[in-house]
Amino acid sequence: MSPAPSIRSARTASELAESIRAFASAEVEGLDSLERTLQSSVRSAARLLVAVLSRVAEDLTPGEIPPGRVEVATLREMAVLRGADALLTGWVEEFGVGAGTLAAMAAAIRETSDASTPVEPPKGLAIRVEGISPAAWRTAVVDAMGNRLEPLERIRRALELTESELGELFGVSRQAVTQWRQKGIPATRADAVAHVLQAVDLLDRKLKSGRLPLVARRPAERLGGRTILEALTADPAGTHAILASAFDWSTAA
């Protein structure tokens, strides 16, 4: 098998998608699970996607792709927005959420380099994410970019956890959490983080300001006498489903 072309030398959308899979394989795999998150929480999906795109954009510039005449910070912002927009386009329909959004972002960065030939984007719309409002998605993305707390920090602050407690929530050490912040959430844990983030967003919207940390530490009958923190640690997906189905159970807490 011949090696993937570099991101800078890729001549077609397919070659660019192939190169981004080689460059950011873990991020591609993690983002491919985002479709499930999209169906239940556009805001949470936007936060996760923006966090991953931002991290990869930092890795791409100015190393793999020189920024040309645009300031690096401006270039990254533009590229993240272009990658997020690609969720609803042929990029994602043809290459999947991970490779599609990241390849679209790389294509946007390449446009500023005189040495790079523009890549023709795939045609059409992303049928696989049909039902997502483009306006609602763009609003969620812009909000995520303007309030850019990466998912782990969003969870930590909302629940008022220490770094050690944050690690316990996902069954890892404080040192592992630090590595996740530096290198990104492992693909094997992306789904769990997404479910916890969605549960936190749900409860944050339903509870009065400042109540979430207290409620999260109280035993709840619907959770078999466990606290929300204990239930999320044991079963993030199942707990998120219970909270979503009992949408306003906590109003009496």
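Predicted model: local features only at pLDDT ≥ 70, side-chain atom pairs only at ≥ 80, totals over all residues.
Arginine 157 has a relative accessible area of 49%, so this residue counts as partly exposed.

Arginine 157 pairs with glutamate 153 in a salt bridge, with 2.8 Å between the closest N and O atoms. The two residues are four apart in helix α8, which means about one helical turn separates them. Glutamate 153, at 12% relative accessible area, is buried, because the cut-off for buried is under 20%.

Shared partners link Glu153, Arg156, Arg157, Glu163 and Arg181 into one network of salt bridges. Arginine 181 itself is partly exposed, at 28%.

Now the helix as a whole. Helix α8 runs over residues 151–159, and seven of its nine residues are buried, so the rest of the structure largely encloses it. Among those buried are Pro151, Leu152, Ile155 and Leu159. What covers them? The cover over the buried residues includes α4, α9, α10, α11, α12 and α13. Just after α8, glutamate 160 has a positive phi of about 55 degrees.

Elsewhere, the structure holds 13 salt bridges. One of them joins arginine 138 to aspartate 85, with closest N and O atoms 2.4 Å apart. Arginine 138 is in helix α7 and aspartate 85 in helix α5, so that pair connects parts 53 residues apart in sequence. Both ends are partly exposed: arginine 138 at 34%, aspartate 85 at 25%.

Terms used: Residues numbered from 1 in each chain as written. Heavy atoms only, no water. Buried < 20%, exposed > 50% of the residue type's maximum accessible area, 1.4 Å probe, protein only. Contact = heavy atoms within 4.5 Å. Salt bridge = Lys/Arg side-chain N within 4 Å of Asp/Glu carboxyl O.
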